Amino acid sequence: MLTRKVIDTEIIFINSLQEELFTIFNLELHHTARIIELMKKYADLPMDLTDASLVILAEYLGHGRIFSVVLCDFNTYRWKQSYPFENLLF
């Protein structure tokens, strides 16, 4: 069951979309081959679709600056084959 605080936070998030404070990156069909390639490459971690989509986004943006509470895998993942991620949380 959702609490009032969670719902209020979601409403703030939705309103920020309307105010164009940020944009949402859409995965598209042409990303499929790269996603599969990444998931196979990092299968031993394993890499999931969420992680692969962040690598795709880093490649699109041209930087690997992320804000994540997950440490382990992003120390290993590379965007554009060789660039490490920089976690802004730490």
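## The start of helix α3

Aspartate 48 caps the N-terminal end of α3, with a side-chain oxygen 3.2 Å from the backbone nitrogen of threonine 50. That counts as a polar contact (N or O atoms within 3.5 Å; within protein, one able to donate a hydrogen and the other to accept it, and residues adjacent in sequence counting only if both atoms are side-chain atoms). This is a predicted model, where local features need pLDDT of at least 70, side-chain atom pairs count only at pLDDT 80 or more, and totals for chains, interfaces and linings use all residues. Residues are numbered from 1 along each chain as its sequence is written, and side-chain values use heavy atoms, leaving out hydrogens and water.

## Along α3 and just beyond

Helices here are DSSP runs of H or I with at least four residues, and strands are runs of E with at least two, numbered from the N terminus. Just after α3, glycine 62 has a positive phi of about 85 degrees.

## Aromatic pairs

Rings of Phe, Tyr and Trp (its six-membered ring) pair if their centres lie within 6.5 Å; planes under 30 degrees apart are stacked, over 60 edge-to-face, the rest tilted. The count comes to five aromatic pairs. Phenylalanine 25 and tyrosine 60 have ring centres 4.9 Å apart and planes at 45 degrees, so this pair is tilted.

Ring pairs also join Tyr42, Phe74, Tyr77 and Phe85 into a cluster. Both phenylalanine 74 and phenylalanine 85 are buried.

Terms used. Buried < 20%, exposed > 50% of the residue type's maximum accessible area, 1.4 Å probe, protein only.
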